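Me: Can you walk me through this one? I'd like to go over the helices, then the strands.

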Amino acid sequence: MTRQNDKRSGQIIILFTLFIGFLMGFAAIAFDLAYAMVVRTQLVTALDAATLAAIRAVPQGNVVMEQASQRAFDANLPSGRLMTLNPALSAPNVTTSAGVVSVQFNASVDAPMFFARWFGRDQMTVAATATTARRDRNVILVLDYSGSVQPVLPDIRAAAKVFVDSFSDTSDQV
């Protein structure tokens with residue numbers, strides 16, 4: 001049986017050409033968004049570290065708090081990790097209400113796009129927000145001054161001073 005010349009011959013090339021554009025678009029969305037989620041996970045980790053460092057430094061004042069948070073953020077998300085650019089941490093938003101101090105930060109980073117470049121999109125800005133809080137504390141510290149600790153008493157006093165200095169003079173009671 002011989003096949004006669006069919007009017008439909010060659011149509012698969014046209015359909016494949018149209019379909020490949022849609023396929024690449026879906027690949028761009030799937031791969032690039034998955035990569036952006038990985039970058040967001042790293043951003044949230046760095047942001048959480050920054051907010052925890054800031055809340056620990058609240059008793060030392062705003063300047064120390066901002067420096068501690070920036071150090072923690074930079075250590076967890078340096079520029080270039082995962083090919084990211086422009087990691088940015090906002091200034092802290094500190095609020096105090098009924099014995100609770102809250103610190104909120106916003107952060108963003110530019111993540112590269114791979115397949116979406118074919119469609120004119122080079123990067124995506126990924127952003128996140130984190131808030132942490134601490135309550136005022138009431139602490140009673142008891143030190144042992146008996147004869148058994150006399151050889152290490154200066155070390156105990158120094159450690160107790162560092163411990164007591166970690167609390168706020170205005171809101172904590174030690």
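Predicted model: local features only at pLDDT ≥ 70, side-chain atom pairs only at ≥ 80, totals over all residues.

Me: At what angle do the axes of helix 1 and helix 2 cross?

Reply: The axes of helix 1 (residues 11–56) and helix 2 (residues 62–76) cross at roughly 155° and come within 7 Å. The cut-off for roughly antiparallel is over 145 degrees, so helix 1 is roughly antiparallel to helix 2.

Me: Left-handed or right-handed crossing of helix 1 and helix 2?

Reply: Right-handed. On the helix 1 side the contact includes Leu 43, Ala 46, Ala 50 and Ala 53, and on the helix 2 side Met 65, Ala 68, Ala 72 and Phe 73 are among the residues involved.

Me: How many residues of that contact are nonpolar, polar or charged?

Reply: Eleven are nonpolar, four are polar and none is charged.

Me: On to the strands. Which way do strand 3 and strand 4 pair, and over how many bridges?

Reply: Strand 3 pairs with strand 4 (residues 123–135) in the antiparallel sense, over 13 bridges. Asp 110 has Thr 125 of strand 4 as its bridge partner. Asp 110 of strand 3 also stands opposite Leu 85. Strand 1 (residues 85–89) runs antiparallel to strand 3 as well, with three bridges.

Me: What about strand 2 and strand 3?

Reply: Five bridges join strand 2 (residues 93–97) to strand 3, again antiparallel. Asn 93 has Gln 104 as its partner in strand 3. Two residues lie between the strands of this hairpin, where Ala 98 takes a positive phi near 50°.

Me: Why is strand 3 largely enclosed by the rest of the structure?

Reply: Because ten of the 13 residues of strand 3 (residues 100–112) are buried.

Notes
Residues numbered from 1 in each chain as written. Heavy atoms only, no water. Axes fitted to C-alpha atoms, helices over the stretch in contact; angles between N-to-C directions. Helix = DSSP H or I, 4+ residues; strand = E, 2+ residues; numbered from the N terminus. Parallel < 35°, antiparallel > 145°, perpendicular 65-115°, else oblique. Left-handed = near helix turned anticlockwise from the far one by under 90°. Contact = heavy atoms within 4.5 Å. Nonpolar A, V, L, I, M, F, W, Y, C, P; charged D, E, K, R; others polar. Buried < 20%, exposed > 50% of the residue type's maximum accessible area, 1.4 Å probe, protein only. Pairing = 2+ DSSP bridges.
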